[in-house]
Amino acid sequence: MFESTSHNKIDKNDEHIMQITQDLDQISHVAIVTGGNRGIGYEICKELSMSGCRVVLTNRNEEEGKKAIASLHDHDNISYHKLDVTDLNDISGLKGWILKKYGRLDILVNNAGIYLDEGVSVFEVDEKIVQETLAANFYGAFHMCRAFVPIMKQNGYGRIVNISSGYGAMNEMGGYQAAYRISKASQNALTLIMADELRDLNIK
Ligand SMILES: NC(=O)c1ccc[n+]([C@@H]2O[C@H](COP(=O)([O-])OP(=O)(O)OC[C@H]3O[C@@H](n4cnc5c(N)ncnc54)[C@H](OP(=O)(O)O)[C@@H]3O)[C@@H](O)[C@H]2O)c1
């Protein structure tokens, strides 16, 4: 009798724990942060993780990325995945991995960025620098959104944060650092275009 009661209690507890886990699964968002190993991206990973999200910290250098995760006190809910945002194979590899591991993506933070032409005139900047900057800062976010928004659409939920800069704001546009300014202005346009197209889909 005792055994049976105790067993029932355990069953009930198990059921309860399973229910909570399922509920947590439903509310515990899955987030990708690009360029998460240092700077602003690292802080975003920390904050998202502290708020209960399951965070995927990504960057190009696996050793640096894993070191960053290890430096976070509570990192049980942070995973690592290598990602160069300029590499379409990396993006599709990450997409496959996310679908297999979580089956969803709730939050995408396009933070990865480079700033290579500080103080350089638009008439002097090497065109390769302009292309490299656009590849990381604009096309990186563009390709990440095109890869992951379909998953968000399937789940009827998504939040996307494109980390821009005052240097990309049209009302503050000035001279110098043209590669960076143009990449961030393009990213701003992308953000507004997507916001309009997704406005009825609970993806913001
Ligand atoms: N810091 C500022 O004052 C400021 C102001 C306005 C806007 N922002 C924007 O905020 C974002 C973060 O800036 P931050 O100052 O924190 O930069 P940061 O310290 O230089 O870090 C940049 C991050 O981006 C990653 N990254 C660069 N190129 C990448 C690529 N092709 N693929 C994947 N990851 C790549 C780097 O990872 P690796 O280790 O792989 O290089 C690193 O994790 C940028 O978009 C920047 O434009 C910064």
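Guide: Two strands pair if DSSP finds at least two bridges between them. Strands are DSSP runs (E, at least two residues) and helices are DSSP runs (H or I, at least four), numbered from the N terminus. This is a predicted model, in which local features need pLDDT of at least 70, side-chain atom pairs count only at pLDDT 80 or more, and totals for chains, interfaces and linings use all residues. Residues are numbered from 1 along each chain as its sequence is written.

Visitor: What makes S4 and S5 a pair?

Guide: Four bridges join S4 to S5, and the definition asks for at least two, so they pair. Asn 110 stands opposite Asn 162 in S5.

Visitor: Why is one side of S3 and of S5 left without a neighbour in the sheet?

Guide: Five strands form an open, parallel sheet in the order S3-S2-S1-S4-S5. S3 and S5 (159-162) stand at its edges with a single partner strand each, so one side of each has no neighbour there.

Visitor: What makes a set of residues a nonpolar core?

Guide: Its members are buried Ala, Val, Leu, Ile, Met, Phe, Trp, Tyr and Cys residues joined through C-beta atoms within 7 Å. Buried means that 20 or more other C-beta atoms, placed from the backbone, lie within 10 Å of the residue's own. The largest such core has 34 residues, with Ala 31, Val 33 and Val 55 among those with the most contacts inside it. H5 gives the largest share, seven residues.

Visitor: Which residues is Val 55 in contact with, leaving aside its neighbours within four places in sequence?

Guide: They include Ala 31, Val 33, Cys 45 and Ile 78; contact requires C-beta atoms, placed from the backbone, within 7 Å.

Notes
Buried ≥ 20, exposed ≤ 12 C-beta atoms within 10 Å, placed from the backbone. Contact = placed C-beta atoms within 7 Å.
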